[in-house]
Amino acid sequence: MNYKMMGRFLSQILAIEGLFMLPALAISLYGGEAMAVRGFLVTLGVILLLAAVLRILCSGAPSAFYAKEGLVCVGLSWLALSVVGCLPFYISREIPAFVDCFFETVSGFTTTGSSILTDVEALSRGLLYWRSFSHWLGGMGVLVFLLAFTPGDSKGAGFTMHLLRAESPGPDVGKLVPKMRKTAAILYIIYIVLTAINIVLLRLGGMNLFESVCHAFGTAGTGGFGVKADSFGSYSPYLQNVTTVFMALFGVNFSCYYLLLMGRFKSVFKDEELRLYVGVILASTVLIVLNLRGFYGSLEETVRHAAFQVSSIITTTGYATTDFDLWPSFSKTILLCLMVIGASAGSTGGGLKVGRVLLLLKGLRRNIRQTLNPRKVQLVRSNGQVVDERVLGNTNAYLAAYVIILFSVFAIISLDNFSVGTNFSAVLACFNNIGPGLEAVGPACNFSIYSPLSKLALSLAMLAGRLEIFPILVLFSKSTWTRS
């Protein structure tokens with residue numbers, strides 16, 4: 001295990017986190033928010049000390065770096081980001097309990113959007129900004145940012161792919177261009193441009209600059225932290241519709257945008273995952289609209305709320321324009337299914353991923369065909385290409401781990417003795433990085449009802465869901481820390 005290389009990388013991650021805290025500090029200084037300023041300054045001091053110590057202790061790191069180190073490095077980095085990132089909330093005392101601060105910050109970085117805050121509008125603007133920005137940074141991934149915009153060296157050649165594979169969502173990670181650093185840079189540039197366009201369109205709809213930036217961060221990262229207690233409920237239909245479209249756009253595999261820029265339109269239109277993703281959104285919206293007949297005053301309002309919630313849930317963003325917990329059971333069942341499916345692979349969304357669901361369905365069809373024709377060789381194809389058996393095996397292993405973790409966390413939080421619907425939707429919402437669940441953790445409620453143990457279990461579920469499970473699981477594996 002190359003501990004020195006991982007320590008050096010961790011020091012860089014902490015330094016980036018500190019750098020990105022500076023705008024939040026500036027907002028707090030400008031607003032005269034003394035306690036928030038204190039929280040950020042103390043945290044920056046802690047970051048500076050930790051980064052310096054790690055840099056000194058890990059100088060002269062050997063260049064050998066393999067898949068195991070990549071997984072461990074990603075898991076440790078996200079834990080460190082969350083622990084350090086929650087300090088401004090705790091030191092400022094705006095969130096008094098450390099476990100609550102940790103839960104809120106993990107929810108931010110993992111782009112989940114589940115919250116323990118009972119009055120979000122009471123939070124200072126500097127901390128509101130940091131809370132929303134954690135979505136944006138966690139959406140594409142802080143390690144991807146590090147790979148994209150920090151200078152590489154000869155020692156970086158061996159671990160770039162391992163880190164990108166460990167942090168990026170989806171069954172498999174490929175290169176857009178031959179060099180992985182350029183791939184990471186392209187992804188982030190697309191991410192930044194789409195975020196900027198979203199901010200401009202929100203401003204054109206009359207939303208003030210601060211709220212536009214915060215909501216664009218939450219939309220881009222498919223996170224869902226808002227600055228108002230009713231999420232998007234009090235905003236105009238125009239602003240709701242703009243957010244509906246951009247939530248769906250950020251749930252698309254970013255490789256599709258690169259292909260569009262390269263003029264490869266046919267490749268995008270023929271992409272099976274994209275077609276299934278769009279089809280699920282349209283079908284779910286139509287079914288919910290039909291089920292909500294008479295629920296709202298007009299067809300326009302019904303379509304707007306249905307489309308917004310479908311886009312919000314399948315992309316795992318978590319914004320809400322209405323209390324969908326009051327919807328009929330059929331509509332809520334559709335939303336629960338969308339929670340599991342999630343967005344596209346290679347997007348900022350969570351869940352199983354549409355691409356992984358597609359592979360599971362194709363694998364199931366192959367197994368049925370092999371049962372009927374044992375001697376015939378059956379191949380699984382995606383977009384006309386044969387899918388590697390390793391990818392299929394990893395997909396099946398992911399599903400098994402997904403089910404085990406889902407029901408393990410469900411059992412733990414059931415100790416708090418809330419209803420099955422509340423607990424199960426809470427686990428689905430956290431593990432799939434959705435945000436709101438149903439019943440007592442619905443869009444009009446929050447997660448403050450749970451005990452510290454349950455909040456920690458749900459926090460680990462959020463981390464496992466965002467990091468595709470395995471970078472977190474390897475941290476608890478004995479073989480990870482022993483010599484092979």
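Lys and Arg count here as positive and Asp and Glu as negative, while His and the chain ends are not counted. In this predicted model, the chain carries 37 positive and 25 negative side chains. The centres of the two sets lie 13 Å apart.

The fold is built from 21 helices and two strands. The chain has a radius of gyration of 22 Å, close to the 23 Å that the globule rule gives for 484 residues, so it is as compact as a globular protein of that length. The C-alpha trace spans about 60 × 60 × 50 Å along its principal axes.

Of the contacts in the chain with a separation of 6 or more, 72% are between residues 24 or more positions apart. Buried residues account for 57% of the 484 residues. The accessible surface of the chain is about 19,900 Å², and carbon and sulfur atoms contribute 66% of that area.

The cysteines come last. A disulfide is a covalent bond between the sulfur atoms of two cysteines. A search of the whole structure finds zero disulfides. C73 is in no disulfide, and the nearest cysteine sulfur, that of C58, is 10 Å away; a disulfide would need the two sulfur atoms within 2.5 Å. C73 counts as buried because its relative accessibility is 2%, and buried means under 20%. C337 is in no disulfide either, with the nearest cysteine sulfur, that of C430, 19 Å away. At 44% relative accessibility, C337 counts as partly exposed.

Terms used
Residues numbered from 1 in each chain as written. Predicted model: local features only at pLDDT ≥ 70, side-chain atom pairs only at ≥ 80, totals over all residues. Heavy atoms only, no water. Helix = DSSP H or I, 4+ residues; strand = E, 2+ residues; numbered from the N terminus. Rg over C-alpha atoms; globule rule 2.2 N^0.38 Å. Buried < 20%, exposed > 50% of the residue type's maximum accessible area, 1.4 Å probe, protein only. Contact = heavy atoms within 4.5 Å. Areas by Shrake-Rupley, 256 points an atom, 1.4 Å probe, with all protein chains shown as cover. Charge placed at Lys NZ, Arg CZ, Asp CG, Glu CD.
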